Every structure is written in C-alpha cells, then in structure tokens.
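Please look at the sequence and the structure first.

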Amino acid sequence: MRHKSRLNSMVWRNLKWVCFGNSIVKAITIPVTLAMAWILSVIVDQAVSGEVRKVAGYSLFMLALILIYIAVQTVSNILICKRQSKAIHQCRMDFLEILLSNSLNKLFYADYGELMENLNSDLETLTERYIKLYPNMISSALELIACFSFILFQSPVAAGSLLGISFLQFIPPIIVKKYMQINYDRCRDIEAKITNHVVEAVNGFEIIKLYGLKRWWQTRLTDYHKEYLSAGRKTDAVAAVQRSMYRLLDNTLKFGTYALMGIYAMLGYCTFDVAVQVIYLSSGLFNSVKNLFSTVPEIAVTQNAEIRISKWTAIEEKGEKGSSSVSTLSSNVPIVIQNLYYKYEKD
C-alpha cells in the first residue's frame, strides 16, 4: 500500500494548513452558539418578568456578537480560500509531475478517457477529503461534545433524550452508502468511455470516412449516452431519497424536541429558560450528528477516487521477481530537458 501513502502524503502536504484553517473557522461557531443560547434564554426570562430595559440591552449585545462573528468569519474565509486555491493548484502540479515520471510504455498505453477523469474528477474528489470532509468531522465532533455537555449540565434528562433521538439520523447514510460508491465508479467509467470514443473518432477520421463507419460510431456513442443517463438517473434517485429522509427526520426531530421540552418543563424536569436553551442548541446537536453520519458515504467515495488514481503514483520497481534489468525506462529515472531552443522557419 506504499502508493496510497505516497499519494496521501502529497495531498496532505499541500492541504494541511487549509484543513487546519477550515477546522478552526468552523469550530469558532461553537462558543458563539453556546453564548447565543444563554443570551436568548436570559432575554426570554427578562421579557416574561417585564424587564424591558434589560431585554433591550441583551438584544443589542446579541446583535453586536453576531456582527463581530460574521466579520471574523468572512475575513477568515477569504484568507483560507486564497490559500486553498493555491494548494489545489500545487496538488495538480505535483500529481502531473508524478504522472509524467512513469515509464514511457505505461504513458503510451494510458487510457486517455480514464486519465482525464483521474486529473479532473478523481483528484478533485480526493482533495475534498482535506478541504471539506475532515474539517466537517472535527468541527461536528467538537460541537456535539460542547452542546451535549452544556445541556447535560443544565438537564441530564434532556441531554440523554436529545442524544438518543439524534441517532435516528444514522439510518439514511447507511442506506445510500453502497449505492453512492457504485454509481460514482460507474459514472466515471462511462465518462472515460465517451471521451475515448470521441478521441478515437478524431484520430481515426480517415478510416471512418473510408469504410463508412459514421453510423456505427454514432450508434456506439448513443449507447454510451444511454448508459450514462441510466447511471445518472440512479444517482439522482439515491440523492433524492437521501434528501427526503433527512427532511422527514429534520421535521420530526425539530417538532418532537419542541413537544418534548414542553412536557419536561411542565413536569418539572427543567426550568423554562433551560428549555429555551435546549431548543436553541438542539439544532446544532442534531446537525453535528447528521454531519458525522453523512461523511461516511462521502469518505467512501474519496477512497474509491484514491484507488482509481493510485496506479499513477505507484513507484515502479527495477526488475521483476529477482531479474536484474527491465526493458523499459524506470519511473526512478526522470526525463530531463535542458537548453531547449526553438525558432520559426523564416528566422
């Protein structure tokens, strides 16, 4: 598995600071959310007591906190996006360098369509692991721990209830995980076939005209498009089912939490202001659990992408089964061009 570690180290070297930055920016929302929950409960409590001046003061403080948070997040996102663009470009350059260091016969017999998919879709999917997925996992885990601890300190019964029902969100990703992986590989393979078919028509244009193969070529292309449409429809159906299940669960959890906290407040398991805090934090807790579970199929897709492009990052060994030489150039001997000049015919 040395080729995978080489590929991972290349991507991680370029994107590690972007990963850390995105994780920190997403984690900043946690203390802000906790502070907002506490301020909102105080505002509700003061409003019930008729303290109009205190309500206005806390409301202005909440508004100022929101504005500061938005400003900090906006500036941070701009700085991270600039570094992210440079890092992704460097990943592409490094991958191209590794690709061109392969032996000449391997490059000569490379599948053009598959290579285009590796350079465009697969590499982009792999970089999203460090740009999006890992930061989401880290921030979601921290948010889950923070919200649960805060609610647990206020009301252990409410904390246990919310954590229990939040695990219902574990169902949709498990159902769609297998289909997302299959459809990803299928779509990439069909796109590679379509690209190869078009390139073959360009390279063999004279043969197609000579033997009258235009209709045959168009029929093959139509078959590829039909196959691609079939895979696309299945992918859209899986995504629609996942969105529908999440929408149903979101409404169930939202209104179920309202009803549950109202019952707990009436039965005396928690006070009214604690119920307000729990309701406000419940959305963050549910979202953090959903993000943790939803990354399972997405990480599986990135693993498939890594496997697809790993053959270009594999270091070729000298010889096979103890032989001392090979008939092709090794990838350990790069091609170097120096002092290259060019001129036009009229010069």
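## Terms and model

Two residues are in contact when heavy atoms of theirs lie within 4.5 Å. The model is predicted.

## Overall build

The chain holds 10 helices and zero strands. Read from the N terminus, its elements follow the order α-α-α-α-α-α-α-α-α-α.

Of its 347 residues, 38% count as buried. Among contacts with a separation of 6 or more, 84% join residues 24 or more positions apart. The chain exposes about 21,100 Å², and carbon and sulfur atoms supply 64% of that area.

## Nonpolar cores

The largest nonpolar core has 22 residues, and those that touch the most other members are Ile151, Ala158, Met261, Cys270, Val278, Leu281 and Leu285. At least two residues each come from helix 2 (29-49), helix 5 (112-154), helix 6 (156-166), helix 9 and helix 10. Helix 10 gives the most to this core, namely eight residues.

Leaving out residues up to four places away in sequence, Ile151 touches Pro156, Ala158, Ala159, Leu162, Val278, Leu281 and Leu285. A second, separate core has 21 residues, including Cys19, Ile80, Ile98 and Leu99.

## Nonpolar surface patch

On the surface, Val157, Ile263, Met266, Leu267 and Tyr269 form a nonpolar patch with about 540 Å² of accessible area together. Helix 9 (residues 214-267) supplies the largest share of the patch, three residues.

Tyr269 lies in the loop between helix 9 and helix 10 (272-313). Is Tyr269 exposed or partly exposed? Tyr269 counts as partly exposed because its relative accessibility is 48%, and exposed means over 50%.

Methods
Residues are numbered from 1 along each chain as its sequence is written. This is a predicted model: local features need pLDDT of at least 70, side-chain atom pairs count only at pLDDT 80 or more; totals for chains, interfaces and linings use all residues. Side-chain values use heavy atoms; hydrogens and water are left out. Patches are made of residues with over 30% relative accessible area and no salt bridge: like charges are joined within 9 Å, nonpolar side chains (Val, Leu, Ile, Met, Phe, Trp, Tyr) within 5 Å. Accessible areas come from the Shrake-Rupley method with a 1.4 Å probe; for residues, only the protein chains shown count as cover. A salt bridge is a side-chain nitrogen of Lys or Arg within 4 Å of a carboxyl oxygen of Asp or Glu. Helices (H or I, at least four residues) and strands (E, at least two) are DSSP runs, numbered from the N terminus. Buried means under 20% relative accessible area, exposed over 50%, partly exposed in between (1.4 Å probe, protein chains only). A nonpolar core is a set of buried Ala, Val, Leu, Ile, Met, Phe, Trp, Tyr and Cys residues joined through side-chain atoms within 4.5 Å.
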